[in-house]
Every structure is written in C-alpha cells, then in structure tokens.
Amino acid sequence: MTGRAFETADFASPEVGYGAAAARTAADHIRQHVGSDFATPVCGIVLGSGLGGLAERIANPVRIPFSHIPGFPVATVAGHAGQLLVGTLAKRPVVALAGRFHMYEGHDAALAAFPVRVLHALGAPVYVASNAAGGVRRTFSAGDLMCIVDHINLMYRNPLIGGVEPGDERFPDMSDPYDPALRALLRESAATVGVALHEGVYCGLLGPTYETPAEVRMLERLGVDAVGMSTVPEVIVARALGMRAVAVSCITNKAAGLTAERLSHAEVMEAGRAVAADFEALITEFVRRLP
Ligand code: HPA
C-alpha cells in the first residue's frame, strides 16, 4: 500500500513528472533512438501552428513521434503533427519539435515547458520558439513576422512553481528573456533573405477562446503587439536553465475587434501556411549564422 501511494504521488507530481530527471530520461531515450549519428544541436526549435513545414527542410531527419518519448503526452490540437526531428538545417545539427503542449489542452505549465527541458538535456544552448499570434498592433496584418523582444505573462501560471529543479535558478532574471545578440542575428538573417521582420511585445494568454475586443483594447493599452497561447512558459524555463532564447511570432490575423472579421482556427492555420516560406528561409539563415 505504501509503495503504491508513493508511486501515485510521485507520478502525479509535476516536479517529478516534468523536471530535470524526467528530461534526462527523455533525452537519453532520444539519443539512443538516433544512435551514433546524434550530434549536439546548435539549437532546439519549436514549430508553431501552421509553421511545421520547416521540418521538411531538415536533412537526414530521424523522426520520433511524441507518443514514443517518455513523459510526452500526445499532442491534441489540429495542425500539430506531434513529432520530434533530429537532423541538420543549413548543415548544422538541430532538434525540432513539430507540435507543442498548450495549457488550454489542460496541461500544467511545467508540462507545456517540458520540451525545453528535454532540448536542454540534449545539449541545445539556444531555444528557438515560433508561434501563431493575433496582431494587436494596428498596423500588423496576416502574414507579418515579428521577433519577440519581450513578453507579458497573462497566463497566471508559471512553470517554475514548486520545488527548485536541479540546475534551475530559483528567481530567474527576466530583464532580457529574448537574447539581444540572437535578436540581432535574427534581424541580420531577415535582411539577408529579404524578409520583413517586425519587433514587438508578445502576450501569452491561456486560451482556448480568442480574445474579446475589450480584451484586445486592454492589451493594446498594456503595450502588447501580438497575442497568443504559448511560448511564455517555454521561455521562462529556458531562462531558468540558462539557455538563450529567441522567438518569432507569425501574425495570422488581426486581433479580435480590430476588423469586422471573425476569428477561426482554420484561418490561423491558412495564414501560417501562407507565410511559411518566409519563416522557413528566416530560421534556416538564422541557424546557419548561429555560433
Ligand atoms: N489570439 C490568440 N492566439 C492566437 C491568435 C489570436 O488572435 N491568432 C493566432 N493565435
């Protein structure tokens, strides 16, 4: 009885389930699966809604379904293939995740950020996030790309709540959550490939509802440029681990109330696909330039 109770508590505890030890287990499994071809990645990339096409640019990929990775639940949101790829992009070793875990699926913040712990355990020094987002800045329209310079966490959750994981900072500094040098590299990459890249503040909300027009006006007054339902917990964990983070939002729609149009997930996916070529060229060039 005691053993059973312990096991249950152990498994149900996010600190144990999605922490450093679980990340090591997942990383060991991935390394073993890839075998002797595994090379330490220059970065780990998470591909947002509609942006999974970058996975096709990864050469010699070893694809691992999320369902085969210890600690990963099956991704549920439409448009997320739910697989991890190990291979090369611009001849540099990378690990990419097509799909992510959102809190609106019922996942804990620690689980939403767990893939970043796994990327860290695989040796990635840089975390590259991408997402679909609604444009709050009035001049933004569908198809714009925005480098995130800062974020506002309105998810009212933090993935670091609980015991301090080995290797984590207890009180991570968030003065520069998105690495200035990497942002500069992203700007240079955008110029090289001829892609317009805006910069702005991302706000993470829980979802799954899109915002009301009143919420969008509030966000505008708070200094938000783009709004979405991901990325924030991931970047918090990246910073706690000392990884350098950079992130790109693909503006898939004007936020609610800024046009007469209604929002739909299908529209978000379609806009993601429309900007995919620019996004892929940008990230490929960025990876080429990474130290
Ligand atoms: N709001 C929140 N998340 C989103 C949006 C939006 O308008 N578009 C794509 N993801």
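Which residue forms a salt bridge with Arg63? I started my notes there, bearing in mind that this is a predicted model.

**Entry 1: Arg63.** I found Glu56 as the partner, with the closest N and O atoms 3.7 Å apart.

**Entry 2: Arg57.** I saw that Arg57 pairs with Glu280 in a salt bridge, the closest N and O atoms being 3.1 Å apart. Arg57 sits in the loop between β1 (43-47) and β2 (59-65) and Glu280 in helix α10 (residues 276-289), so this pair ties together parts that are 223 residues apart in sequence. For Arg57 I noted a relative accessible area of 39%, partly exposed. Glu280 is buried, at 11%.

**Entry 3: Arg117.** Here I found a salt bridge to Asp168, at 2.8 Å from N to O. Arg117 belongs to helix α5 (residues 114-121) and Asp168 to the loop between β6 and α6 (180-193), so the pair links parts 51 residues apart in sequence. I checked both for burial: Arg117 counts as buried at 7% relative accessibility, and Asp168 counts as buried at 14%.

**Entry 4: the wider tally.** I counted 12 salt bridges in the model. I also came across a network of them linking Glu188, Glu285, Arg288 and Arg289.

Entry 5: I placed Asp150 in strand β6 (residues 145-154). Asp150 is partly exposed, with a relative accessible area of 31%.

How values were computed. Residues are numbered from 1 along each chain as its sequence is written. This is a predicted model: local features need pLDDT of at least 70, side-chain atom pairs count only at pLDDT 80 or more; totals for chains, interfaces and linings use all residues. Side-chain values use heavy atoms; hydrogens and water are left out. Helices (H or I, at least four residues) and strands (E, at least two) are DSSP runs, numbered from the N terminus. Buried means under 20% relative accessible area, exposed over 50%, partly exposed in between (1.4 Å probe, protein chains only). A salt bridge is a side-chain nitrogen of Lys or Arg within 4 Å of a carboxyl oxygen of Asp or Glu.
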